[in-house]
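Here is a friendly set of notes to read beside the structure. Take the points in order and find each residue as you go.

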Amino acid sequence: MELSDRVALVTGAAGGLGAATARHLATLGMRIALFDRNADGATALAGELGVAAVAVGGDVTDDDDVATAVEAAQSLGPLWVVANIAGGGVKSQRTVGRDGTPHDRHAFEHTMAINALGTFNVSRFAAAAMAANEPDDDGQRGVIINTSSLAGLEGQAGQLAYAAAKAAVAGMTLPMARDLAAIGVRVCAIAPGTIGTPLFLRAPKELQDRLAADVVFPKRMGRPEEFAYLVESIARNSYLNGEVIRLDGALRFPPK
Ligand SMILES: NC(=O)c1ccc[n+]([C@@H]2O[C@H](COP(=O)([O-])OP(=O)(O)OC[C@H]3O[C@@H](n4cnc5c(N)ncnc54)[C@H](O)[C@@H]3O)[C@@H](O)[C@H]2O)c1
């Protein structure tokens, strides 16, 4: 798929992986719509990209905000690429805590909402917009790239809500690809291991070393730009569809 001069909508664009992705797609000559509930962060980055860019502050779980973000993207041209990166986890919590307290219900619902509902919500509005695109030679009208996590494939003790939410993101990828085949839109997901975003790099050195210890090779955290390269590869490669791709240096999460 040709990327230069096409439009990408990046959610979570003010965060570590979202910003790296927006920056990388801009170097490929894409026009970028940056969507994040951190409006100031998205606006600041839009001003740095050196390509046509627009920032939208809002929540991926809110229909009006998502519709506004998709419209803003379309103000730059037909929307071809969506990178659903907004999301995140909550404080570690077990199904029943060591003191016998049941897992907080709100924490579970919130984590499901920002990761699973948000990804679904942006995808449905974006795909409806892509359906109007002029197809390329393959009959393609766009690509959606979701962000799962190794936690969604092999969640650890204490990660129940985040693991369930990221498993939902992985699980919706194939049926979404099957649904959207009718309009020529591909869907894949990336399941990152531990990527050294600025947040991780501010953590104490012992924690960073612990996070890198189980990685098979290269023996370090991933780099945000390595995530962005995979977004580019999925977008470019028209034969990648319906797949959840691990990006983890062969890391397999231990039980805890
Ligand atoms: N960094 C990692 O190692 C890693 C590993 C696996 C998966 N992930 C996933 O990758 C994605 C990005 O992670 P990151 O490390 O860059 O985190 P981050 O916290 O730096 O960025 C997440 C961004 O999403 C935005 N966001 C969160 N909820 C939102 C909502 N409801 N509406 C709009 N924006 C919202 C935040 O404002 C933030 O800018 C997340 O989905 C995360 O779960 C990260």
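Predicted model: local features only at pLDDT ≥ 70, side-chain atom pairs only at ≥ 80, totals over all residues.

1. Which residues of H1 are buried? They are Leu17, Gly18, Ala19, Ala20, Thr21, Ala22, Leu25 and Ala26. As background, an α-helix has 3.6 residues a turn, so residues three or four places apart point the same way.

2. After H1 comes Gly29, which has a positive phi near 85 degrees.

3. Now pick out Ala20, which sits in helix H1. Why does Ala20 count as buried? It has 24 C-beta neighbours inside 10 Å, and the cut-off for buried is 20 or more. Setting aside neighbours within four places in sequence, Ala20 is in contact with Pro224, Glu225, Phe227 and Ala228. As for Asp214, 194 residues from Ala20 along the chain, the two C-alpha atoms are 24 Å apart.

4. Next, look at the ligand. How many residues surround the ligand? There are 26, and the closest are Gly12, Gly15, Gly16, Leu17 and Gly87. By type, this shell holds nine nonpolar, 14 polar and three charged residues. Helix H1 and helix H4 (105-130) each contribute at least two residues to the shell.

5. Turn to the strands. E2 and E3 run parallel and are joined by five bridges. E3 (residues 53-57) is mostly covered, with four of its five residues buried.

6. Finally, the largest nonpolar core has 73 residues, and those with the most contacts inside it are Leu9, Val10, Ile32, Ala33, Leu34, Ala126 and Ile145. Helix H6 (residues 160-180) gives this core its largest share, nine residues. What does Leu9 touch, leaving aside its neighbours within four places in sequence? Its contacts are Ala33, Phe35, Ala69, Val70, Ala73, Leu79, Val82 and Ala126.

Definitions and conventions. Residues numbered from 1 in each chain as written. Core = buried A, V, L, I, M, F, W, Y, C linked by C-beta atoms within 7 Å. Buried ≥ 20, exposed ≤ 12 C-beta atoms within 10 Å, placed from the backbone. Contact = placed C-beta atoms within 7 Å. Near = placed C-beta within 6 Å. Nonpolar A, V, L, I, M, F, W, Y, C, P; charged D, E, K, R; others polar. Pairing = 2+ DSSP bridges.
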